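Keep the sequence and the 3D view side by side as you read.

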Amino acid sequence: MISAYFIHLLILIGIYIILAISLQLAVGYGGLLNLGHISYFGIGAYVYTILLFHGVNFWICFLLAGFSAAFFGWMSAIGIRKLKGDYLALVTLGFSFVTYAVLINWTELTRGPLGIAGIPRPVLFGFGTNENMVYLVFVFVIAAISYFFINKIVSSPFGKVVEAVRDDEISAKSLGKSTFKIKCINLATSAFFAGIAGCLYASYITFIDPSSFTFSNVIPIILIIIIGGLASLPGTILATFFIILLPEPLRFIGFSSSIVGPARQIVYALILLIVLYYKPRGFYGKLDLE
Amino acid sequence: MDIFVQLLINGLIAGAIYSLVACGFSLIYSTNKFIHFAHGGVIIVSSYIFYTLFSILHLEFYLSCILAILLAGLVGYLINQFIYKPFRKRKASNSILLIASFGVLIFLESMLLIIFGANVQTIDYIPNAQGLSVLGAIITPLQIVIIISSIILLIFFYFFMKKTRIGKAMRAVSDNPDVAEIVGISASKIYAWTFTIGSMVAGIAAILISLEQNIEPSMGSSLMIKGFTAAVIGGLGSVPGAIFGAFLLGFAENFGIWYLPSGYKDAIAFVLLFLFLLFRPNGILGLKYNNQK
């Protein structure tokens, strides 16, 4: 029983690691304070689910979910090309509200607030993943691959240009770099991995509805990247464990389930304020949030 | 034609409420120069305070109104004193303050969820009277009260800013805090005052909202988006601009759902916000504001 519970937490941690390191790519390395990251997560989850129910092969669904999220990432980069700082943050937050409105109102496609239930777990190379243990291995393999790729990107020459755009856009421009294109690629890549995390989430929980992809769900992810420290991938992973596990004892204190949800949000809000005040660079952060 | 007039009236009502939200927010923004997103949280907390005073403790209606407005001011004052002031001392960037204000908003909403539960609450002060018919459209007496009282308040607020000492000091700080300090205006005191007064306006908005519709803890962020959008459309930091933007937004939403399902209301606000930030970031009446630091 206990071990089943830990496997559940580890799967969530795996999914959140993908989400957080992909957001780190945009916020930490790219300097784009993207509060709409959760909408790519949602788009990925919905595209995956809808395609799967139309009988498309798992791997094709999986990749298409990533690519459609990446497409929206690219589009949002076009939208925010003139903005910075807190304005950018609010407009990207707006994307998450628009996505939510579309998911909840386009009932023919998404079944609206009812959500889509009974999403089957994939069968991979002959292995069924109905067993949570098997699914955990799958999630961690995908998380490791994502980590590998994002690490590769940020340490590549391209990654250095991304950081240069964050630190001084005008200098980067004067060196002949197309900063707009770099932002597009950055956000699209970040969204791609968020979309993939969305697939993993949908097929793990086997149920999705628009309320899983709202503004309040973006707070833990933002918290993870701030606690982990901007532009630090190992810090992000450490922070993911910390943030997912920290509110868990609330379950055992004996609160009713209607209290546990808000209580967890309160814990997150307080940690957010404390960290921002006392340690705005988090565990391993290399720079301040501008 | 009937539908047109009805939508016009609905837009006017929505605009009246948004203008109160936007006006408080814009006042706070004009002096503090960061996005106080928790303003939505203050509104929803105040409407629950009003609900507690009036529907649970059964205080007299006008007494609970006044108490709710004063307590709203207190909430705003405390938020400034215990959250933003320490951050300001550390010279935190705008993004940090924005995220901190999300923290405050989430905190307030979750507290309300724990105390009052997720169910919607209603305040039945004015029973649902038969609507009056104006040019074929229906408007309830309460809605007329809302429109009239918000217009009176906005006029009052305008004179407060133009004529009183504090109002003038606020405008001085919003122009240039350093120069204001030189002539003997304490900027930190004015920050506290703007939070208090902005939140009191939020308290008034909260009362009108809770009379007009059901209240629930998650309303805060959605209202804040409306207020923020209105403020940006009008030009951030300009209070008359915010009022103008609020009515524009109210009309845009209500005419928008002529074509779209009503669930898209929030999305309409954001599309409008997005278009303005993209093509006219200084808003319609806004002064030059540097959004491209």
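How are H1(B) and H6(B) oriented to each other? This is a predicted model. Two packed helices are described by the angle between their axes and the distance between the axes. Helix H1 (residues 2-32) of chain B and helix H6 (residues 165-175) of chain B pack at about 55°, and their axes lie 7 Å apart. H1(B) and H6(B) are therefore oblique to each other. The table shows who makes the contact.

| Helix | Residues in the contact |
|---|---|
| H1(B) | B:Leu27, B:Ser30, B:Thr31 |
| H6(B) | B:Met170, B:Val173, B:Ser174 |

By class, three residues of this contact are nonpolar, three are polar and none is charged.

Now look at another helix of chain B. B:Ser150 sits in helix H5 (residues 141-163) of chain B. Is B:Ser150 buried or exposed? Its relative accessibility is 0%, and buried means under 20%, so B:Ser150 counts as buried. Leaving aside neighbours within four places in sequence, B:Ser150 is in contact with B:Ala16 and B:Leu20.

Turn to chain A. Helix H3 (residues 58-79) of chain A has 22 residues. From first C-alpha to last, H3(A) reaches 32 Å, close to the 32 Å expected at 1.5 Å a residue. At the start of H3(A), a side-chain oxygen of A:Asn57 comes to within 2.8 Å of the backbone nitrogen of A:Trp59. Buried residues of H3(A) include A:Phe58, A:Phe62, A:Gly66 and A:Gly73. The buried residues of H3(A) pack against several elements, among them helix H2 (37-53) of chain A and helix H11 (265-279) of chain B.

Conventions. Residues numbered from 1 in each chain as written. Chains lettered and ligands numbered in written order. Predicted model: local features only at pLDDT ≥ 70, side-chain atom pairs only at ≥ 80, totals over all residues. Heavy atoms only, no water. Axes fitted to C-alpha atoms, helices over the stretch in contact; angles between N-to-C directions. Helix = DSSP H or I, 4+ residues; strand = E, 2+ residues; numbered from the N terminus. Parallel < 35°, antiparallel > 145°, perpendicular 65-115°, else oblique. Contact = heavy atoms within 4.5 Å. Nonpolar A, V, L, I, M, F, W, Y, C, P; charged D, E, K, R; others polar. Expected span 1.5 Å × (residues − 1). Buried < 20%, exposed > 50% of the residue type's maximum accessible area, 1.4 Å probe, protein only. Polar contact = N/O pair within 3.5 Å; in protein donor to acceptor, adjacent residues only side chain to side chain.
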